[in-house]
Every structure is written in structure tokens, then in C-alpha cells.
Amino acid sequence: MNKARLFNIPGRISIAVSLGLTFFLSPSAIAAMPPQSSFDHIEHSFHLPPKALPIQTIVQKLRHADTFLVGRRGPELTAFMDPNCIWCHRFYEKAMPLVRAGKLHLRVALVGFLKPTSAAKAAAILAAKNPAQALAIDESHFNVTTEEGGIRPDYQAPLSIRRAVSDNTQLLAQTGEEATPTLLYYTKTKQWHLQHGLGLHGLHNILATIA
């Protein structure tokens with residue numbers, strides 16, 4: 001499970017500098033940045049512990065987030081994933097046979113914070129005509145040695161896509177940890193459950209409890 005720290009404010013972008021100061025940039029200023037710079041706000045961190053929101057608030061925010069579905073049948077499982085996350089890659093490999101069998105319906109919320117290319121790779125997937133297929137390319141060409149996803153970074157992604165990656169990353173932090181994969185699902189006991197990482201029993205435990 002990968003961890004980092006994030007600080008952000010809706011509608012603005014925060015950039016931390018060595019003096020401990022923070023400067024906030026408007027969306028118009030972001031649009032004028034060089035391509036790589038436009039993603040820097042996701043990669044910088046304050047090393048402050050994120051404040052966890054109630055799980056119901058996370059659920060409500062996810063309903064308005066830029067996500068996409070993988071598969072067509074089965075109970076729904078939401079996964080926060082970074083394109084360069086080795087643990088997300090391992091989760092994906094375990095989940096896809098279940099997705100193909102119609103036993104699991106995967107909703108993906110892409111984030112970008114682990115590596116300098118993470119946000120741009122997340123943007124490349126979200127900007128694709130078929131994000132599920134683009135994610136499959138990222139995972140099928142994943143380099144486990146360097147822990148790098150196989151999709152080509154898109155530094156020219158539309159501002160709306162860059163904002164979506166930023167918002168998803170902020171929402172991940174608001175779950176209490178900026179860790180991937182973070183999983184959210186509704187149980188047979190009619191409760192929402194959120195966990196960071198697969199847990200001791202992995203998908204077997206999730207399948208036994210998910211509604």
C-alpha cells in the first residue's frame with residue numbers, strides 16, 4: 001500500500017515551497033502553466049496528516065466525482081488507484097477475473113501523487129474515449145521493476161481533466177490516508193465500508209460481505 005500526503009483547496013491549487021509558505025493559483029493561472037507545471041500541485045505535499053471525513057460524506061462526494069466503470073455486472077466496488085501504484089496493479093490483476101466473470105463491478109477513481117508522471121497518466125486515462133480500455137493498457141504494460149504504469153502521460157490534458165485528477169486525489173486524502181488502493185463498498189448488512197489496501201484476506205473477504 002502506497003502512502004503520501006496532500007493538501008489542496010477546492011477551486012484553487014496549492015504549491016508548497018521550501019520556506020513553508022503556500023501560494024494559491026486560480027484555474028486560469030493553471031491553464032497558462034507549462035504542461036508539466038500544471039500537474040505539480042498534485043505532486044507537492046505538506047506532510048500533514050489528512051483530515052478524515054465521515055464515510056457518508058465520501059460516498060456523496062464520489063457520486064459527483066469523475067470516475068468510470070469496468071465490467072457490466074456484479075456488486076460494485078470503488079477503488080482509488082494511481083497509475084504508477086504497484087499495489088493497485090496487483091489489485092487489478094486479482095479483480096479482473098472476477099469482473100470478467102460478472103462477480104464484481106469495478107468503479108475506478110483515478111488519483112495521481114506517487115510519481116512525477118502519476119497525475120499526467122491519470123489524466124491520459126480519464127481523457128480517453130474508453131477509460132476502462134486505457135486503464136487496461138496501463139496495467140497490461142505495467143513495469144513491476146520500476147513500478148511504472150504503461151500508459152503515456154498526457155501533459156496536454158484539458159483543464160477539466162486535470163481538475164478531476166486533483167479533486168479525486170484530494171478526496172482520497174479525505175478518507176484519512178492518501179494510500180492506494182483505497183476501496184469502498186456497500187455491505188450485505190447495509191453499511192458502507194472503507195479500507196486502505198486489500199487487507200489480510202484480500203478480495204475473498206470483500207466478496208463475502210459486499211452487497
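Which residue in β6 is the bridge partner of Met81? It is Leu110, and I will come back to that pair once the setting is clear.

Before that, a word on what we are looking at, which is a predicted model, where local features need a pLDDT of at least 70, side-chain atom pairs count only at pLDDT 80 or more, and totals for chains, interfaces and linings use all residues. Residues are numbered from 1 along each chain as its sequence is written, and side-chain values use heavy atoms, with hydrogens and water left out.

The pLDDT is the predictor's confidence in each residue, from 0 to 100, and for this protein the average is 83, with 76% of the residues scoring at least 70. Over residues 4-35 the pLDDT falls below 50, although this stretch has 62 contacts in the model beyond near neighbours in sequence, a contact being heavy atoms within 4.5 Å. The pLDDT is also below 50 over residues 41-47, a stretch with 24 contacts beyond near neighbours in sequence. Where pLDDT is low, the predicted coordinates should not be read in detail.

Now to the sheet. Helices (H or I, at least four residues) and strands (E, at least two) are DSSP runs, numbered from the N terminus, and two strands pair if DSSP finds at least two bridges between them. Here 5 strands form an open sheet in the order β4-β6-β5-β8-β9, with mixed pairing. The edge strands, each pairing on one side only, are β4 (68-70) and β9 (192-196). From one strand to the next the twist averages 25°, where axes are lines fitted to C-alpha atoms, for helices over the stretch in contact, and angles run from 0 to 180 degrees between N-to-C directions.

Let us follow β5, residues 76-81, which pairs with β8, residues 182-186, in the antiparallel sense over 4 bridges. Along that pairing, Phe80 has Thr182 as its bridge partner, while Ala79 stands opposite Leu183.

Why is β5 described as largely enclosed by the rest of the structure? The reason is that 5 of its 6 residues are buried, where buried means under 20% relative accessible area, exposed over 50%, and partly exposed in between (1.4 Å probe, protein chains only).

On the β6 side, β5 and β6 run parallel and are joined by 6 bridges, and the Met81 and Leu110 pair from my opening belongs to these two strands. The chain crosses from β5 through helix α4 (residues 86-100) to β6 in a right-handed β-α-β crossover, meaning that, with the strands pointing away from the viewer, the path from the first strand over the helix to the second runs clockwise.

Finally, some details of the loops. Thr180 and Pro181 are joined by a cis peptide bond, with omega about -5°, and Pro181 lies in the loop between β7 (178-180) and β8. Lys190, in the loop between β8 and β9, has a positive phi near 65° although it is not glycine, and Lys190 is exposed, with a relative accessible area of 66%.
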